[in-house]
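Dear colleague,

I am passing on the structure we talked about, and I would be glad if you opened it beside this message. My notes follow the display, so please look at the chain for yourself before you read on.

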Amino acid sequence: MLKRTSTAVRTAFVLRGRFRRFFSDLGPGLITGAADDDPSGISTYSVAGAAFGYAPLWTAIFSFPLMAAVQVMCARLGMVTGLGLASVIRTRYPRWALWGACVLLLVANVVNIAADLGGMADVTELLTGVRAFYWTPVYAVLLVGLLFWTSYRTIVRIFKWLTVALFAYIGAALLSHPDWPAVLKATLVPHIEWTGAYWATLVGILGTTISPYLFFWQAAQEVEEEIALGRATVKEREGATRKDLKKSRNDVLTGMFFSNLVMYFIILTSAATLHAHGKTSISSAHDAAEALRPLAGDGAYWLFSLGLIGAGMLGVPVLAGSCAYAIAEAADWVGSLEVHPPLAHGFYAVIAIAMALGLGLDYAGLDAVRMLFWAAVVNGTLAPPLLILVVLLTSRKDVMGEHRNGPALRWLGWLCVAVMLLAILIMIVTSVTG
């Protein structure tokens, strides 16, 4: 009996050690995946579940290999070249392609920042009774301060723990008492409706899972990891071992799986509560949280609301940071969260300007709550041109050497481009004819 207990204790210690090593190895991929479930994404998934019930659940499985392939490409690009995505575009393509990509990113991100800040403020008003008008600048200043006055390594530690907030949505789903046979069927059997509303929702789902800002952020974070190890020059960062690439791939796959798992349970929660009780016309996660309380109880309401605030605390800095990386790389400025603001003033100025523009949209009379969903649609529309550049770059031998895309990655990348373009086309056609 004593021997059996001793063996069990040793096994527990071994498993605990393996988990710690696994979690410590996670970084850019996990953070990118969690940042994907920002308030705009949460709103999109809530709207989808409320409007169409369990029907969109299949999209979580369908989109996983596509988003994972794209983020693996971006991670490999940063690791092999030692440069961010915009820097690689600058050295390989004309300036119009470079700045066109940066403008697309800036437009999408500013709208997203406005939507996310507004969504966080609205939900905080719901919880505290203090007007969202006051919360929006509080969140903006707090997050700018985080990016300005902490190091990259500190930010990574904070962000990794913020991902825990997203588990709230799994808890909220379990408290909503879903119809599990219907859930299983909707998960495994794709359901499509030929209406403009359905395809706008589908483009929104694709846009918030495969978002332009994640491409730039992923590659830049791989470079930041190298800088944090003391590799300050491009020459020192160039190249990657197969072991490093495998570690990065595991990190990315874990992050993307986590992202889609959260997406799945947000849709499920809204379907099981709002749609099941006839509340099909919500416009945001704020509406979803407010409607949850009488339907699923205080537990689901608090989990859903606090999860959205935690997601915003993670997502907004990633949005502003990816703008700064892109512009700084395009202009060939010093750009790193490891460098203090006086030594990288252009980089940090872009962060401040992007946040200020987002804040300005919130105070310009636009409805930030409704922007949450449409920010995802904007992302879905702007993603394909950037996706094409990512696939082309990571398939070139003169860029990636022996680590260029294999057939599986290359075809998944082009399939992702085709799916998003087709969804946009059908959305336009069904909206016009419907």
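This is a predicted model: local features need pLDDT of at least 70, side-chain atom pairs count only at pLDDT 80 or more; totals for chains, interfaces and linings use all residues.

The protein has 19 helices and 0 strands, and of its 434 residues, 57% count as buried. When contacts with a separation of 6 or more are considered, residues 24 or more positions apart account for 84% of them. The protein exposes about 18000 Å², and carbon and sulfur atoms supply 68% of that area.

A search of the whole structure finds 14 aromatic pairs. In one of them, the ring centres of Phe-52 and Tyr-198 are 5.1 Å apart and the planes stand at 80 degrees, so this pair is edge-to-face. Because Phe-52 lies in helix α3 (residues 39-52) and Tyr-198 in helix α11 (residues 196-209), the pair ties together parts that are 146 residues apart in sequence. Tyr-198 also pairs with Trp-199, with centres 6.2 Å apart and planes at 75 degrees, so that this pair is edge-to-face as well. Phe-52 and Tyr-198 are buried, and Trp-199 is buried too. Elsewhere, Phe-148, Trp-149, Trp-217, Tyr-325, Phe-347 and Tyr-348 form one aromatic cluster.

The largest nonpolar core has 137 residues, and those with the most contacts inside it include Phe-347 and Ile-351. Helix α15 (residues 285-331) gives the largest share of this core, namely 20 residues. If you select Ile-351 and leave aside residues up to four places away in sequence, you will find that it touches Leu-147, Phe-148, Ala-320, Gly-321, Ala-324 and Leu-337.

Side chains of opposite charge can pair when their charged atoms come close. The search finds 5 salt bridges in the whole structure. One of them joins Asp-332 and Arg-90, whose closest N and O atoms are 3.4 Å apart; Asp-332 is in the loop between α15 and α16, whereas Arg-90 is in helix α5 (residues 85-92), 242 residues apart. Asp-332 counts as exposed, at 57% relative accessibility, while Arg-90 is partly exposed, at 28%.

Arg-396 deserves a separate look. Its side chain meets that of Asp-398 in a salt bridge (2.7 Å, N to O), and salt bridges that share partners join Arg-92, Arg-396 and Asp-398 into one network. The charged end of Arg-396 also sits over the ring of Tyr-93, 5.7 Å from its centre.

With best wishes

Notes
Residues are numbered from 1 along each chain as its sequence is written. Side-chain values use heavy atoms; hydrogens and water are left out. Helices (H or I, at least four residues) and strands (E, at least two) are DSSP runs, numbered from the N terminus. Buried means under 20% relative accessible area, exposed over 50%, partly exposed in between (1.4 Å probe, protein chains only). Contact means heavy atoms within 4.5 Å. Accessible areas come from the Shrake-Rupley method with a 1.4 Å probe; for residues, only the protein chains shown count as cover. Rings of Phe, Tyr and Trp (its six-membered ring) pair if their centres lie within 6.5 Å; planes under 30 degrees apart count as stacked, over 60 as edge-to-face and the rest as tilted. A charge sits over a ring if NZ of Lys or CZ of Arg is within 6 Å of the ring centre and within 35 degrees of the ring normal. A nonpolar core is a set of buried Ala, Val, Leu, Ile, Met, Phe, Trp, Tyr and Cys residues joined through side-chain atoms within 4.5 Å. A salt bridge is a side-chain nitrogen of Lys or Arg within 4 Å of a carboxyl oxygen of Asp or Glu.
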